[in-house]
Amino acid sequence: MMFKKEELIIATGAEVLKDDGGNCRYTISTDTRTIKNGDIYLPLKGETFDGEKFIDKALEAGADAYFTTTDNIYDGAKFVLKVKDTKQAYIDIANYCRKKINPITVGITGSAGKTTTKELVYSVLKEKFNTQKTFSNHNNEIGFCQTVLGMNNDTQALIVEMGMRGLGEIEEISIPLEPDFAIITNCGSAHIGRLGSLDNIAKAKCEIAKGLKKSGTFIALNQDIIKKHLDFDGEKIFYSIDDVEIIDKAPSYSKFKYKNYIYELNVEGEYNIENSLSAIELGLKLGMDTELIANGLASYRPIEKRWEVEEIKGFKFINDSYNANPESMKASVKTFVELYKEPVVVLGDMGELGEDEDKYHFQVGEFLSSLNKQAMYLLVGKLAKNIGKPLENKGIKVEYFNNTQDVSCYIVENLDKSNTIFLKASRSMKFEEILNKIRG
């Protein structure tokens with residue numbers, strides 16, 4: 001989106017250090033590598049970088065203007081704005097843009113399934129509205145700004161995914177977004193190593209309601225811990241898989257009835273059905289016909305590294321290794337071993353679980369030990385070994401590996417190509433290397 005000079009000044013409260021005149025309109029750019037002629041450069045700062053050191057590079061690349069926190073004026077600039085904090089200026093501009101276009105706004109967060117839920121919600125809303133969504137998993141405050149500024153003038157619905165690694169981060173997005181609808185997919189143990197307790201995680205997730213309009217609607221999984229920490233007096237909708245009648249389950253397919261209407265998904269798993277309920281509730285609140293909502297859900301396809309099916313040299317893989325926490329690992333493995341014959345489950349370490357990380361891995365193993373006894377488990381990493389103990393106690397076959405190279409060799413040398421192989425671990429385990437090594 002392009003902004004007049006006056007709009008940038010109003011949005012940020014900036015001091016004008018230089019203005020050569022003219023009725024210029026500017027597109028915001030934060031990256032000197034992709035800057036275009038006539039852009040205004042907004043230099044962001046972080047723990048390990050300072051974009052203000054590259055203002056001269058931005059001007060050389062074609063920028064006409066820039067933001068700064070200093071009084072330095074570089075040659076070649078036609079328009080210079082001084083602000084106290086460039087990241088806050090970025091957020092303020094996004095807030096201004098959101099108000100100007102004024103779409104229906106939807107905020108989504110949760111310990112697991114927030115990106116999938118965002119995609120499900122998008123699949124539904126695009127059936128009726130011109131819809132903009134967070135790209136991939138760009139779910140921090142910078143991603144929020146990029147998402148908002150990526151809107152067209154005719155955008156009718158805006159979907160913003162909100163991630164967090166600590167308290168205060170979701171609030172920082174929710175307040176400038178001012179959502180009409182706020183969705184929490186669930187509250188689980190992801191990031192418990194950083195936040196210290198499930199209560200703190202719930203507090204952080206419930207920050208999504210800080211900016212929620214009083215006339216808005218809060219939609220969430222029916223969990224007591226969410227209700228305990230939610231501070232919102234407006235309309236609340238809670239859903240659960242218990243509200244669903246499952247009609248059919250198969251690989252890459254789910255059919256279920258919810259509120260007397262039948263829906264279909266081109267993905268498996270009760271957790272995906274549960275995630276879709278928030279999209280259904282949102283569609284109903286926006287006056288969409290159930291048939292239109294159903295069409296949207298049926299059009300959903302999983303994104304990269306989320307239940308991605310691939311055949312490599314005769315081996316069938318299901319790659320769900322984008323990320324992992326105890327709740328998502330239990331849910332996805334349960335779905336896999338229920339639906340596939342001769343299942344082989346490759347699991348790796350789960351990160352950011354704090355001082356009780358061994359216990360959380362062991363609890364996953366306890367849960368999995370009650371499922372399909374014919375499944376084989378290949379466990380990669382130091383922490384993943386804890387998953388194997390309760391499995392072995394139930395007589396389930398388990399093999400242990402130190403790294404992706406070793407487990408790749410084992411798969412090629414020992415597995416039958418009738419097996420279907422499931423991959424799940426935290427991103428830090430780099431499970432894509434397993435597929436790359438087998439490809440050769």
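Strand β4 (residues 40-41) and β5 run parallel and are joined by two bridges, and within this pairing Tyr41 has Tyr66 of β5 as its bridge partner. Strands here, like helices, are DSSP runs numbered from the N terminus, a strand (E) having at least two residues and a helix (H or I) at least four; two strands pair if DSSP finds at least two bridges between them. The model is a predicted one, in which local features need pLDDT of at least 70 and side-chain atom pairs count only at pLDDT 80 or more, while totals for chains, interfaces and linings use all residues. Residues are numbered from 1 along each chain as its sequence is written, and side-chain values use heavy atoms, with hydrogens and water left out.

Both strands belong to an open sheet of six strands with mixed pairing, in the order β1-β3-β4-β5-β6-β2. Its edge strands, β1 (2-4) and β2 (15-19), each pair on one side only. For β2 the pairing is with strand β6 (residues 79-82), in the antiparallel sense and over four bridges, and here Lys18 stands opposite Val80 in β6. Strand β5 is covered on both faces, with Ala65 and Phe67 buried on one side and Tyr66 and Thr68 buried on the other, where buried means under 20% relative accessible area, exposed over 50%, and partly exposed in between, for a 1.4 Å probe and protein chains only.

Helix α3 (residues 86-101) lies across β1, β3 (25-29) and β5 (65-68), and runs at about 95° to β1. Helix α1 (residues 5-12) packs with α3 at an angle of about 115°, their axes being 8 Å apart; axes are lines fitted to C-alpha atoms, for helices over the stretch in contact, and angles between N-to-C directions run from 0 to 180 degrees. The two helices α1 and α3 are therefore roughly perpendicular to each other, a term for angles of 65 to 115 degrees, whereas those under 35 count as roughly parallel, those over 145 as roughly antiparallel and the rest as oblique. Their contact, meaning heavy atoms within 4.5 Å, is made by Glu7, Leu8, Ile10, Ala11 and Thr12 of α1 and by Ala89, Asp92, Ile93, Tyr96 and Lys100 of α3.

Most residues other than glycine have a negative phi.
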